Amino acid sequence: MALHVLDEANRCLGCKKPMCQQGCPIHTNIPEVIRLLKDNHLDDAGRMLFENNPLTTVCSLVCNHENQCEGHCIRNRMPSHDPVHFSIIEDYISTTYANKMTSGPAPRNGMKAAVVGSGPAGLTVAVLLARWGYDVTIFDARDKIGGVMRYGIPNYRLPDSVLDDFQYRHLELKGIHVRPNTAIGKTITIDDLFRDGYKSVFIGAGLWKANAMHIKGETLGNVPSASTIWPTPRPSSWATTSPSSAWATPPWTAPALPSATAHATSPATPAATRSVSALPSMKCGTPSSRAWASASARLRWRSVRTASSAATP
């Protein structure tokens, strides 16, 4: 066990009336979790955290602990004003216990449930329904789960690996199906879900619509809303698995001429070899840049082929 975590747990006074639990929005039994950790029952502490909050690995990183559990700690009334930092304890317990969660799905009750949106509310409801035996399917308009947790919180605060691990251990291992890139309400409607046998539908679509300020100049250029800036492009799986290490020229940069990017070749090198070596390796991080790079690659290929054909007798 990490010593700094145990030292932090030993600072808990074990209050009979825990103010930290009252300050927690979901009333996590913080004194009991700390007691189990100190008694070397880490698995029991982790099980208690996940049963109370399936997103405990996320909340340990992004919750406003300063105004909630830690802000209500009785140690704030002492001259030192040094509360027990439960966020450190929760992060250690939840992360350690999550690595041991490999059990399969619960016995099915024969009923299907649909969850629209894979944000915090949708994921929590999906996990709870799966525990009760429902066959759960999550529909999300984006390509990955997480909602505002993935596309609204920066990576340095909540790494994508936390959400990816949650998808594997809490969704895939539990038999919860995920249908990405499926917006409910356009092609597929709520009535279609009930027609296909879903007994209940939970709608947690989120609040992606930006609030307008209604001030002068708001409709002019270079005035984006926060909801359009949040979903920053993430490296695609195509980009991360590509063997190339060079990035494609950004769309706002004019592509260099083939002669400027061609490798040094001798006059004896065949024309076909020169044309292939003249093409720079391509790699791009977003779908838009990948599409642009493909068009640029075709343009360069045509120009190089034309030049090589003219030089070939």
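Is Cys15 buried, partly exposed or exposed? At 31% relative accessibility, Cys15 counts as partly exposed; buried means under 20% relative accessible area, exposed over 50%, and partly exposed in between, with a 1.4 Å probe and protein chains only.

1. Basis of the note. The model is predicted, so local features need pLDDT of at least 70 and side-chain atom pairs count only at pLDDT 80 or more, while totals for chains, interfaces and linings use all residues. Residues are numbered from 1 along each chain as its sequence is written, and side-chain values use heavy atoms, with hydrogens and water left out.

2. Overall make-up. The chain has 15 helices and 4 strands; these are DSSP runs numbered from the N terminus, helices being H or I with at least four residues and strands E with at least two. Of its 313 residues, 35% count as buried. The accessible surface of the chain is about 18300 Å², and carbon and sulfur atoms account for 58% of that. Areas come from the Shrake-Rupley method with a 1.4 Å probe; for residues, only the protein chains shown count as cover. Among contacts (heavy atoms within 4.5 Å) between residues at least 6 apart in sequence, 70% join residues at least 24 apart.

3. Cysteines. A search of the whole structure finds 0 disulfides, a disulfide being a pair of cysteine sulfur atoms within 2.5 Å. Cys12 is in no disulfide, and the nearest cysteine sulfur, that of Cys20, is 6.3 Å away. For Cys15, the closest cysteine sulfur is that of Cys12, at 6.4 Å, which is too far for a bond. Cys12 is partly exposed, with a relative accessible area of 21%.

4. The whole structure holds 11 salt bridges, each defined as a side-chain nitrogen of Lys or Arg within 4 Å of a carboxyl oxygen of Asp or Glu. One of them joins Glu8 and Arg11, at 2.6 Å from N to O. Another joins Arg11 to Asp82, with the closest N and O atoms 3.0 Å apart. This second pair links distant parts of the chain: Arg11 is in the loop between helix H1 (3–10) and helix H2 (19–23), and Asp82 is in the loop between H5 and H6, 71 residues apart. Glu8 is buried at a relative accessible area of 11%, and Arg11 is buried at 18%. Asp82, in contrast, is partly exposed at 30%.

5. Arg150 and Asp160. These two residues form a salt bridge whose closest N and O atoms are 3.9 Å apart. The pair links distant parts of the chain, with Arg150 in helix H8 (residues 148–151) and Asp160 in helix H9 (residues 160–172), 10 residues apart. Both Arg150 and Asp160 are buried. Elsewhere, salt bridges that share partners join Glu8, Arg11 and Asp82 into one network.

6. Arg75. This residue is found in the loop between H5 and helix H6 (86–98). Arg75 is buried yet has no salt bridge; Asp82, the nearest side chain of opposite charge, is 5.5 Å away. For charge, Lys and Arg count as positive and Asp and Glu as negative, while His and the chain ends are not counted. The side chain of Arg75 does reach the backbone oxygen of Asp82, at 3.2 Å. That is a polar contact: a pair of N or O atoms within 3.5 Å, where within protein one must be able to donate a hydrogen and the other to accept it, and residues adjacent in sequence count only if both atoms are side-chain atoms. Leaving aside neighbours within four places in sequence, Arg75 is in contact with Arg11, Leu13, His81, Asp82, Pro83 and Val84.

7. Positive phi. Most residues other than glycine have a negative phi. His81 has a positive phi, near 50 degrees, and lies in the loop between H5 and H6. At 54% relative accessibility, His81 counts as exposed. Asn181 also has a positive phi, near 55 degrees. Asn181 lies in the loop between strand E3 (177–179) and helix H10 (190–195) and is exposed, with a relative accessible area of 55%.

8. Asn53. The loop between helix H4 (42–52) and helix H5 (56–62) holds Asn53. At 8% relative accessibility, Asn53 counts as buried. Not counting residues up to four places away in sequence, Asn53 touches Ile26 and Cys59.
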